[in-house]
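Dear colleague,

Please find below the structure that I am handing over to you. My notes on what was found in it follow directly after.

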Amino acid sequence: MTHYNEPLNFYDVSLMNLLAKLLPATNIALNIDVSSKKRVFEYASILFENNQGIERSKVFDSLLARERLGSTGLGQGVAIPHGRIKGLKDAVTGVLTLAQPVAFDAPDALPVKLLVFLLVPEQATQQHLELLSELAELLSDKAIRETLKAASTAADVTRIIQEWQPENRPS
């Protein structure tokens, strides 16, 4: 079971990867119908507000500010939008898949269908970097990436992420 509201212990990651600990099933939305990057951010902002009580304008502004620094699109139809949220106590993630991919200014110019959102406390520098590294490793695996894009239920996404083990962590 995912315990996303408990403090994250970086020394006790043998049972589950960091991402799985921070991803409640309620933060998974599949085949959403949006027409642009801005609409994706609006959808995610509402999701985090409804499920974690984080003010939607804080989420949206943080995601948009980060995106202005450079696209969070990785290529291969995936992106990792992320931001720092003042007043947030613990990191939290969300996974969205889109009914129709949207332009995201990714390096390979492919539109994005799979997005993994990451929100971290304003001062969570090391945690932020570790989580981004783990996300990049997860999404660099073509089989996992394609399976996540095709997932039809939140339970499928949760299972895929919980079963995955980063190479730099014990299994």
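The charged end of lysine 37 sits over the ring of phenylalanine 104, at 4.7 Å from the ring centre. A charge counts as sitting over a ring if NZ of Lys or CZ of Arg is within 6 Å of the ring centre and within 35 degrees of the ring normal.

Please note that this is a predicted model, in which local features need pLDDT of at least 70 and side-chain atom pairs count only at pLDDT 80 or more, while totals for chains, interfaces and linings use all residues. Residues are numbered from 1 along each chain as its sequence is written, and side-chain values use heavy atoms, with hydrogens and water left out.

A search of the whole structure finds two aromatic pairs. Rings of Phe, Tyr and Trp (its six-membered ring) pair if their centres lie within 6.5 Å; planes under 30 degrees apart count as stacked, over 60 as edge-to-face and the rest as tilted. The ring centres of phenylalanine 41 and phenylalanine 104 are 6.1 Å apart and the planes stand at 80 degrees, so this pair is edge-to-face. Phenylalanine 41 belongs to helix H2 (residues 37-52) and phenylalanine 104 to the loop between S5 and S6, so the pair ties together parts 63 residues apart in sequence. Helices (H or I, at least four residues) and strands (E, at least two) are DSSP runs, numbered from the N terminus.

Phenylalanine 41 also forms an edge-to-face pair with phenylalanine 117, with 6.2 Å centre to centre and 80 degrees between the planes. Because phenylalanine 117 lies in strand S6 and phenylalanine 41 in helix H2, this pair ties together parts that are 76 residues apart in sequence. Buried means under 20% relative accessible area, exposed over 50%, and partly exposed in between (1.4 Å probe, protein chains only).

**The overall fold and strand S1**

The protein has six helices and six strands, in the order α-β-α-α-β-β-β-β-β-α-α-α along the sequence. Of its 171 residues, 49% are buried.

Four of the five residues of strand S1 are buried, so the strand is largely enclosed by the rest of the structure. S1 runs parallel to strand S5 (residues 92-102), and three bridges join them; two strands pair if DSSP finds at least two bridges between them. In this pairing, isoleucine 32 stands opposite leucine 98 in S5.

In soluble globular proteins, nonpolar side chains tend to be buried together. A nonpolar core is a set of buried Ala, Val, Leu, Ile, Met, Phe, Trp, Tyr and Cys residues joined through side-chain atoms within 4.5 Å. The largest one here has 28 residues, and those with the most contacts inside it include Val95, Leu131 and Ile161. Helix H4 (125-140) is among the elements that supply at least two residues each, and the largest share, five residues, comes from H4. A second, separate core of 24 residues includes Ile32, Leu47, Phe48 and Leu98.

Is arginine 145, at 6% relative accessibility, buried or exposed? Arginine 145 counts as buried, and its place is in helix H5. Leaving aside neighbours within four places in sequence, arginine 145 is in contact (heavy atoms within 4.5 Å) with Gln76, Val78, Leu114, Leu139 and Ser140.
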